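Please walk me through how this fold is held together.

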Amino acid sequence: MKISRSALALTVPLVLTTLTGCSMTDDNSARGTDSTSDSGSDGVRSAGTSTSRAASDAMERVSSGVYDLIGVEGKASDSRPGVQECPGKDRDTHFQIFHQWSFHPASESDLGTAMRHLQENLPKHGWKIVQYSQDTSKNKNTVLIADNDEKKAGVHITRMEKRNPPKLSLMVVSGCYRVPDGQEVEHF
């Protein structure tokens with residue numbers, strides 16, 4: 001799937017802010033220091049320590065798990081995760097992973113079934129649905145947002161039935177990682 005960098009630059013920060021509100025602990029609470037909140041002033045939760053590549057691989061596995069829950073025949077776009085800065089953190093030592101992809105059902109009539117499967121199955125696999133509603137666009141797309149504390153990830157799914165062809169647009173986003181001491185974030 002081809003996505004322009006400028007489109008990602010505008011979309012990813014909004015989605016990252018929306019998705020990373022799950023109850024992961026921030027760097028201070030993970031170290032056992034006093035923290036009055038699970039997140040920093042930026043609201044982004046900690047996902048622990050990892051290299052960019054290892055975290056990217058983990059988010060691809062999370063996306064794969066979400067794909068498996070769709071439960072209808074179709075085709076997913078071919079895209080790789082990317083690295084995004086953590087708001088308010090040093091870009092050389094902290095990062096988030098985002099993986100944007102789409103799903104086109106083999107039959108347009110299966111789009112609603114796919115969304116229903118996700119709504120029913122995500123909670124059975126550790127996801128907490130935090131929003132299920134229509135967006136404010138003229139198409140009134142259905143939006144499902146869910147967090148998974150164990151996977152330290154969030155997913156934003158938009159059912160775009162008025163697109164030609166209809167599709168699900170998905171964005172899987174990690175919490176904020178810190179690279180191991182002595183390493184820097186690899187941006188890709």
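The questions below go through a predicted model, from a helix to its packing, core, disulfide and aromatic rings.

Q: Is L111 buried or exposed?
A: L111 is found in helix α4, residues 111–121. Its relative accessible area is 2%. Buried means under 20%, so L111 is buried.

Q: Which residue lies 57 places from L111 in sequence and 7.5 Å away in space, C-alpha to C-alpha?
A: Beyond four places in sequence, L111 is in contact with residues including P105, R159, M160 and P166. K167 and L168 are also among its contacts. The residue with the 57-residue separation and the 7.5 Å distance is L168.

Q: At what angle do α3 and α4 pack?
A: Two packed helices are described by the angle between their axes and the distance between the axes. Here the axes of α3 and α4 are 8 Å apart. The angle is about 115°.

Q: How many charged residues are in the contact of α3 with α4?
A: The axes of α3 and α4 are 8 Å apart. From α3, the contact uses V66, L69 and I70; from α4, it uses A114, H117, L118 and N121. These divide into five nonpolar and two polar residues, and the number of charged ones is none.

Q: Which element gives the most to the largest nonpolar core?
A: This core has 30 residues, and L122, I157 and L168 touch the most other members. At least two residues each come from α3, β4, α4, β6, β7 and β8. With six residues, the top contributor is α3.

Q: Where is T142, and is it buried or exposed?
A: T142 has its place in strand β6. Among its contacts beyond four places in sequence are M115, Y132, I157 and R159. Its relative accessibility is 13%, so T142 counts as buried.

Q: What is the handedness of the disulfide of C86 and C176?
A: C86 is buried at 2% relative accessibility, and C176 is buried at 4%. The torsion about their S-S bond is about 120°, so the disulfide is right-handed.

Q: What kind of aromatic pair do Y67 and W101 form?
A: The structure holds three aromatic pairs. In the pair of Y67 and W101, the ring centres are 6.3 Å apart and the planes are at 55°. Planes over 60 degrees apart would count as edge-to-face, and those under 30 as stacked, so this pair is tilted.

Q: Which residues form one aromatic cluster?
A: Y67 is partly exposed at 32%, whereas W101 is buried at 4%. Y67 also pairs edge-to-face with F103, at 5.9 Å and 70°. F103 counts as buried at 0%. The cluster is formed by Y67, W101 and F103.

How values were computed: Residues are numbered from 1 along each chain as its sequence is written. This is a predicted model: local features need pLDDT of at least 70, side-chain atom pairs count only at pLDDT 80 or more; totals for chains, interfaces and linings use all residues. Side-chain values use heavy atoms; hydrogens and water are left out. Helices (H or I, at least four residues) and strands (E, at least two) are DSSP runs, numbered from the N terminus. Buried means under 20% relative accessible area, exposed over 50%, partly exposed in between (1.4 Å probe, protein chains only). Contact means heavy atoms within 4.5 Å. A disulfide is a pair of cysteine sulfur atoms within 2.5 Å. Axes are lines fitted to C-alpha atoms, for helices over the stretch in contact, and angles run from 0 to 180 degrees between N-to-C directions. Ala, Val, Leu, Ile, Met, Phe, Trp, Tyr, Cys and Pro count as nonpolar, Asp, Glu, Lys and Arg as charged, and the others, Gly among them, as polar. A nonpolar core is a set of buried Ala, Val, Leu, Ile, Met, Phe, Trp, Tyr and Cys residues joined through side-chain atoms within 4.5 Å. Rings of Phe, Tyr and Trp (its six-membered ring) pair if their centres lie within 6.5 Å; planes under 30 degrees apart count as stacked, over 60 as edge-to-face and the rest as tilted.
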